[in-house]
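Please look over the sequence and the structure shown here before reading the briefing. The notes that follow are grouped by topic.

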Amino acid sequence: VELAEDDEVELKFELLCAAGTLYEAHQNDSVNAIDMFNQALGVKPSDKTVLGRVNRLYADAEMWPELLENLRFCVSIADTDPERAELRTRIAEVLGERLGEYDEALANYRHVLDAAPGDDAVLAAVRKIGQEHAEFRELAASILIPALNAENRDEELVLAYDMRLSAQTDPEDRAETLREMASVLEKRLQRPADAQGALLRSLTERPDSAELHADIERLARVS
């Protein structure tokens, strides 16, 4: 490598990659393998194959900050929405599962669901954070609700409203969540009795609401 001229970019790149492969595959030396591949990236910073190899080595070595930096760079050079979504999902997994940075993990999951609201794995990951970490429950619900609404996944949408409700303390906020839940139960799931139950719960938060009283009476006649 040292003998390669500065203008022999391809040769230098290939020699560094070969050295990285030698360290990784034949000497089981991840430290020097990472060093060689990173030097190769100094020659060709956007080579996705080498970036992928470095990412794998970082993950194997549990070098999470370095992996995150690389993955974020990969997002910046991604060519397609599915590629960006896959990278953001990996970023979110590292942030949440490895570093416990759930707010940042959820922010990345939100980006993915904005583009692909029906991604089952991401929906499950967001739901898991909300269920297991009370302090992030309302944030998780705020990500789930628009995605599930866009996909007409109404049973899951009701559960997401319930998640949001469990994190709320303000009576006005709780009443509004229960009204939205009741609307889904009545109009989309055709369950007027359950909708009435949600409105009755909302009434405990806003007992003076004439509109709630009227809706409850209407649903009582229907159910």
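How many salt bridges does the count come to, if a salt bridge is a side-chain nitrogen of Lys or Arg within 4 Å of a carboxyl oxygen of Asp or Glu? By this rule the count comes to 21 salt bridges. This is a predicted model, in which local features need pLDDT of at least 70 and side-chain atom pairs count only at pLDDT 80 or more, while totals for chains, interfaces and linings use all residues. Residues are numbered from 1 along each chain as its sequence is written, and side-chain values use heavy atoms, with hydrogens and water left out.

**A salt bridge between Glu10 and Lys44**

- The side chains of Glu10 and Lys44 meet in a salt bridge, with 2.6 Å from N to O.
- This pair links distant parts of the chain, 34 residues apart, since Glu10 belongs to helix α1 (residues 9-26) and Lys44 to the loop between α2 (30-43) and α3 (48-60); helices here are DSSP runs (H or I, at least four residues), as strands are (E, at least two), and they are numbered from the N terminus.
- Glu10 counts as partly exposed at 42% relative accessibility, and Lys44 is partly exposed as well, with a relative accessible area of 23%; the classes are buried for under 20% relative accessible area, exposed for over 50%, and partly exposed in between (1.4 Å probe, protein chains only).

**Salt bridges around Asp215**

- Asp215 forms a salt bridge with Arg179, and the closest N and O atoms of the two are 3.4 Å apart.
- That pair also links distant parts of the chain, with Asp215 in helix α12 (residues 210-222) and Arg179 in helix α10 (residues 171-188), 36 residues apart.
- Both Asp215 and Arg179 are buried.
- Arg218 forms a salt bridge with Asp215 too, with the closest N and O atoms 3.8 Å apart; because Arg218 and Asp215 are three residues apart in helix α12, about one helical turn separates them.
- Within this pair, Arg218 is partly exposed, with a relative accessible area of 30%, whereas Asp215 counts as buried at 17% relative accessibility.
- Salt bridges that share partners join Arg179, Glu186, Glu211, Asp215 and Arg218 into one network.

**The contact of α10 with α11**

- The axes of α10 and helix α11 (residues 192-205) come within 8 Å and cross at roughly 170°, where axes are lines fitted to C-alpha atoms, for helices over the stretch in contact, and angles run from 0 to 180 degrees between N-to-C directions.
- The two helices α10 and α11 are therefore roughly antiparallel to each other, on a scale in which angles under 35 degrees count as roughly parallel, over 145 as roughly antiparallel, 65 to 115 as roughly perpendicular and the rest as oblique.
- On the α10 side the contact (heavy atoms within 4.5 Å) includes Pro171, Leu178, Arg179, Leu185 and Glu186, while residues of α11 that take part include Asp194, Leu199, Arg201 and Glu205.
- By class, this contact has nine nonpolar, one polar and six charged residues; Ala, Val, Leu, Ile, Met, Phe, Trp, Tyr, Cys and Pro count as nonpolar, Asp, Glu, Lys and Arg as charged, and the others, Gly among them, as polar.

**Cysteines**

- The count comes to zero disulfides, when a disulfide is taken as a pair of cysteine sulfur atoms within 2.5 Å.
- Cys17 is in no disulfide, and the nearest cysteine sulfur, that of Cys74, is 14 Å away.
- Cys17 is buried, with a relative accessible area of 12%, and Cys74 counts as buried at 9% relative accessibility.

**Individual residues in helices**

- Ala40, found in helix α2, is buried with a relative accessible area of 0%, and leaving aside residues up to four places away in sequence, Ala40 touches Phe13, Leu16 and Cys17.
- Ala40 and Glu10 are 30 residues apart in sequence and 9.9 Å apart in space, C-alpha to C-alpha.
- Arg164 lies in helix α9 (residues 154-167) and is buried, with a relative accessible area of 16%.
- Not counting residues up to four places away in sequence, Arg164 touches Glu138, Ala141, Ile145, Thr177 and Glu180.
- Pro82 has its place in helix α5 (residues 81-98) and counts as exposed at 60% relative accessibility.
- Between Pro82 and Leu123 there are 16 Å in space, C-alpha to C-alpha, and the two are 41 residues apart in sequence.
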